[in-house]
Amino acid sequence: METILDRLEETTSKYAGRPAVDDGSICISYEELMDKAQRIGAVLSEKIEVGEPVAIFAEKSTKTLAAMYGTVYAGGFYVSVNPEQPPERVKRILSVLESKLVIVDKERLEQLKETGFEGEVLSLEDLYDQAPPVDDKAKERLAAVRGQLTGDSPLYGVFTSGSTGNPKGIVVSHRSVLDFIGHFTEIFSITSEDILANQAPFDFDVSVKDLYSALMTGAEVVLIPKEYFSTPPRLLDYLCDKKATVLIWAVSALCIVSGLKGLRYRVPEYVRTIMFSGEVMPIKHLTMWQDAMPETEFVNLYGPSEITCNCNYYRIGRRFEKTEKIPLGSAFPGRTVFLMDDEGKTVTEPGRTGEICVAGESLAIGYYNNPEQTARQFIEYTVNGKTQRVYKTGDLALLTEDGEMYFAGRGDFQIKHMGHRIELEEIESNFMALDGVERAVCLFDEPKNRIVLWYCGEVTPKDARVQLKEKVPGYMVPGRINQVEEMPLNKNGKIDRAYFRSLLS
């Protein structure tokens, strides 16, 4: 069965001298990237066994990407660990992985020491700059490793929050990425002529679409430094200078640009397609982008990390009213997406809400070193008359008369208040449609039995409350509405709900 390494080598044979990755400081060709990855892989192959994880504690960069692919050449799977996380969380991630080896950039070495990690530490810079050419002995070792890899071998791991407080490590196989990216690049016509502007950090699987769409087509990936998002003019100049053609970004990243009026400064003129995911896109921000870039295609993507990036896509072909929701759209080929009710039955009747479930290609291997959680989320279920492995997302959707599904929040975002069942995200959606509101987050303060909302925008809390009362029943109007200067975001670029929950305690 083909692996990612086969596709990297095939692409390199076609586009050897073409730029593969550019981080603003180092730009290397496909030939150079493959050479660096093989050199690093030869070093690592003497230190790990096939199927073992290698944690990479570094900012995204050309060197980091070479180390990720080098880990795969060594037969392992890579786990990018974001240095912005607190040491205690990094420690828990390394504990779940049972890591015996961490690759770290020199600037983060002291941070790694704070976690108490006692295994082997390798310098990212030394690996990239000093790994020797692959000699005959190393070639034999890499070939032996290669003979043990299959499409079902683990390729990467990403960590998400867990209900117990310990992070969950989602492990994804070579086959899952090959299947998904094969459909993805075909549907959105990504070719060797494209330049993908990467926004997401490497520990967030939005980046998988950038990296592997390029690897499989010969396109170029331009890594955008994270600090550029705090100054939209600098960001937009960068996109134009690099002639970026495709943006696959988190919703919050797009909202930062439109919210800070960046599109009034400059429009990224070469961009033909913008895809977004991670949260519900506020219609007012989508409209700003559509107004600024009327010839650009916009696509809503949906799907959790456990199903390899996305399971649904919706091409946006019209303007939406402020209070409308964007449909989840069509399932990617090779997948079945359906709703399941509380009794474990498939929802087929319009007007009903159910949990989004996914069967078919590209499901993750499971949660690393966590068989109990894997068994709870990945179940056997009969789909289209056939018993299949199914992932239960925990997300809710509404099935409508026209057969569309509309995201309806998380199952755990639903509350019962004043005798009514309420989706907090419904309140958020209506609040963000108000004039003078940019972003909003809504939580339920259970001890005080009240709904609390925070927002950033120009409208006063008093005026916002008056406007909201015109859109939702009185029992859905928050007991407290707090205005903040900016929305704190978590490491994945989403609104940091954990921060706001801490304000309730």
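# Strand pairing and packing in a predicted model

Trainee: In which sense do strand β4 (residues 77–81) and β7 pair, parallel or antiparallel?
Mentor: As this is a predicted model, what follows describes computed geometry. Strands of a sheet pair through backbone hydrogen bonds, either parallel or antiparallel. In the case of β4 and β7, two bridges join the strands, and the sense of the pairing is parallel.

Trainee: Which residue of β7 is the bridge partner of Tyr78?
Mentor: Strand β7, which spans residues 154–160, is mostly covered, with six of its seven residues buried. Within this strand, the residue that forms the bridge with Tyr78 is Tyr156.

Trainee: Over how many bridges do β7 and strand β8 pair?
Mentor: Strand β8 covers residues 168–173 and runs antiparallel to β7. One of the pairs places Gly157 with its bridge partner Val171 in β8. Counted over the whole pairing of β7 with β8, the number of bridges is six.

Trainee: Which strands stand at the edges of the sheet, each with a single partner strand?
Mentor: The sheet is open and contains nine strands in the order β2-β1-β10-β9-β11-β12-β13-β14-β15, with mixed pairing. A strand with a single partner has one side left without a neighbour in the sheet, and so the edges are held by β2 (27–29) and β15 (330–331).

Trainee: Why does α2 count as roughly perpendicular to α7, and what is the angle at which they pack?
Mentor: The contact is made by Gln38, Gly41 and Ala42 of α2 together with Ala138, Arg141 and Leu142 of α7, and by class it has three nonpolar, two polar and one charged residues. The axes of helix α2 (residues 30–44) and helix α7 (residues 136–146) lie 10 Å apart. Since angles of 65 to 115 degrees count as roughly perpendicular, the term applies to this pair, whose packing angle is about 85°.

Trainee: How far is Cys456 from the nearest cysteine sulfur?
Mentor: The structure holds zero disulfides. Cys309 is in none, the nearest cysteine sulfur being that of Cys311 at 11 Å, and Cys309 is buried with a relative accessible area of 2%. Cys456 is likewise in no disulfide and counts as buried at 10% relative accessibility. For Cys456, the nearest cysteine sulfur belongs to Cys255, at a distance of 9.5 Å.

Trainee: Which residue in β26 is the bridge partner of Trp454?
Mentor: An open sheet of three strands has the order β24-β25-β26 and mixed pairing, and its edge strands, β24 (437–445) and β26 (480–483), each pair on one side only. Strand β25 (residues 450–457) runs parallel to β26, to which four bridges join it. In β26, the partner of Trp454 is Asn482.

Trainee: Is Glu114 buried or exposed?
Mentor: Glu114 lies in helix α5, which comprises residues 109–114. Because its relative accessible area of 57% is over the 50% cut-off, Glu114 is exposed.

Technical notes. Residues numbered from 1 in each chain as written. Predicted model: local features only at pLDDT ≥ 70, side-chain atom pairs only at ≥ 80, totals over all residues. Heavy atoms only, no water. Buried < 20%, exposed > 50% of the residue type's maximum accessible area, 1.4 Å probe, protein only. Pairing = 2+ DSSP bridges. Disulfide = S-S within 2.5 Å. Axes fitted to C-alpha atoms, helices over the stretch in contact; angles between N-to-C directions. Contact = heavy atoms within 4.5 Å. Nonpolar A, V, L, I, M, F, W, Y, C, P; charged D, E, K, R; others polar.
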